[in-house]
Amino acid sequence: MEATNRSKRITKVVLLIVTLLLLTFFVCYVTDMLDVWLSIRSIVAQEDTSLKTAVGIKKFCRELQLAMKEKRTKVIIFFSFVYITLQTFCIPGTVVLNAAIGALIGSLGGVLLCTLLGTVGACSCYILSFLVGTSLVEMVDEKLMKGKGLHTIRRQVRSYRSELFVYLLFLRLTPILPNWLVNMASPVAGVPLRVFALATAVGIVPQTYLSVRFGALAQKRDKSTRIVSVWDTLLLAVIACALIFALKVKKHFTTSNTAIGVASRAQEAGKTEVDILPGV
């Protein structure tokens, strides 16, 4: 019975994915997005443009700024479709899209848009994982993380059940567990969608800003050859450690206050008994 239900869920998900792909292709055809795709592909096809290195990404952003001035709106819509698709199916590449969007609309607008797209894409992955069920998540975790990632998240979610927002924020700020695993494992581990979405929206802002800023500065004579520097990584680590420290301090004082409250009530109960006994 369980296998039948699982098979039905997987069939529904596959049909949903195929429908979305067909709808996306239709929208791209109607809105002339295929022309945008071909233009972007021609930029990437240049010999000195590579999306695997920071220098190549900077070159791509610079060429994109020059070639897409008249098609900026269409390019942004196209990138939005691609961004959500990559996030939903846990495909790498959003760093390049962050930089490209930053090159097109600047740091402030780029951070706002990419944060929104990243949150929507992560929530789409969450929902997809919820629909598919535990078995697929366990299979992926076993293959890519040797079965340790999902177990870790489940254990930590049980430990920090009252502070899930802070824990998820910590995971977003640090590279302890990959984001794709957090997206897929959260519904299986029992993380509510509302908490997941809020922690994602806040937690991805620092890294999103760094990659968007890199793309926005592509046109300037910036000699930076790294998207995220050592100092940037150190700053994120300090923020994450500060969150954990604040959580530990809060738990300590909460436990202390609870213990004091229990002792105080016990003492008051003892006094009441002493006051009542002489009058008996």
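Asn183 sits in helix H9, which covers residues 179–189. In this predicted model, Asn183 is buried, with a relative accessible area of 3%. Setting aside neighbours within four places in sequence, Asn183 is in contact with Ala122, Cys125, Tyr126, Arg172 and Phe196. The chain around it holds 12 helices and 0 strands.

**The chain as a whole**

- From the N terminus on, the elements run α-α-α-α-α-α-α-α-α-α-α-α.
- The chain has 280 residues, and 38% of them count as buried.
- Among contacts with a separation of 6 or more, 74% join residues 24 or more positions apart.

**Helix H3**

- H3 spans residues 54–67, a run of 14 residues.
- From first C-alpha to last, H3 reaches 20 Å. That is close to the 20 Å expected at 1.5 Å a residue.
- The buried residues of H3 are Ala54, Gly56, Ile57, Lys58, Lys59, Phe60, Cys61, Leu64 and Gln65.
- These buried residues pack against four helices: H2 (33–44), H4 (72–88), H5 (94–132) and H11 (205–216).

**Leu104 in helix H5**

- Leu104 lies in helix H5.
- Leu104 counts as buried, at 4% relative accessibility.
- Not counting residues up to four places away in sequence, Leu104 touches Leu64, Met68, Arg72, Val75, Ile76 and Phe79. One of these, Leu64, is also among the buried residues of H3.
- Leu104 and Gly215 are 111 residues apart in sequence. In space they are 8.3 Å apart, C-alpha to C-alpha.

**Salt bridges**

- A search of the whole structure finds 2 salt bridges.
- Side chains of opposite charge can pair when their charged atoms come close.
- An α-helix has 3.6 residues a turn, so residues three or four places apart point the same way.
- Glu63 counts as partly exposed, at 23% relative accessibility. Lys59 counts as buried, at 15%.
- The other salt bridge joins Arg154 and Glu138, with the closest N and O atoms 3.8 Å apart.
- Arg154 lies in helix H7 (residues 149–159) and Glu138 in helix H6 (residues 134–145), so this pair ties together parts that are 16 residues apart in sequence.
- Arg154 is partly exposed, with a relative accessible area of 27%. Glu138 is partly exposed too, at 37%.

**A nonpolar surface patch**

- Ile127, Phe130, Leu131 and Leu193 form a nonpolar patch on the surface.
- Together these residues have about 360 Å² of accessible area.
- Helix H5 gives the most to the patch, with 3 residues.
- Leu193 belongs to helix H10 (residues 193–203).
- Leu193 counts as partly exposed, at 35% relative accessibility.

**Cysteines**

- The structure holds 0 disulfides.
- The cut-off for a disulfide is a pair of cysteine sulfur atoms within 2.5 Å.
- For Cys90, the closest cysteine sulfur is in Cys125, 3.4 Å away, so it is too far for a bond.
- Cys90 counts as partly exposed, at 25% relative accessibility.
- For Cys123, the closest cysteine sulfur is also in Cys125. At 9.9 Å, that sulfur is too far for a bond.
- Cys123 is buried, with a relative accessible area of 13%.
- Cys125 is also one of the residues in contact with Asn183.

How values were computed: Residues numbered from 1 in each chain as written. Predicted model: local features only at pLDDT ≥ 70, side-chain atom pairs only at ≥ 80, totals over all residues. Heavy atoms only, no water. Helix = DSSP H or I, 4+ residues; strand = E, 2+ residues; numbered from the N terminus. Expected span 1.5 Å × (residues − 1). Buried < 20%, exposed > 50% of the residue type's maximum accessible area, 1.4 Å probe, protein only. Contact = heavy atoms within 4.5 Å. Salt bridge = Lys/Arg side-chain N within 4 Å of Asp/Glu carboxyl O. Patch = residues over 30% accessible without salt bridge, like charges linked within 9 Å, V, L, I, M, F, W, Y side chains within 5 Å. Areas by Shrake-Rupley, 256 points an atom, 1.4 Å probe, with all protein chains shown as cover.
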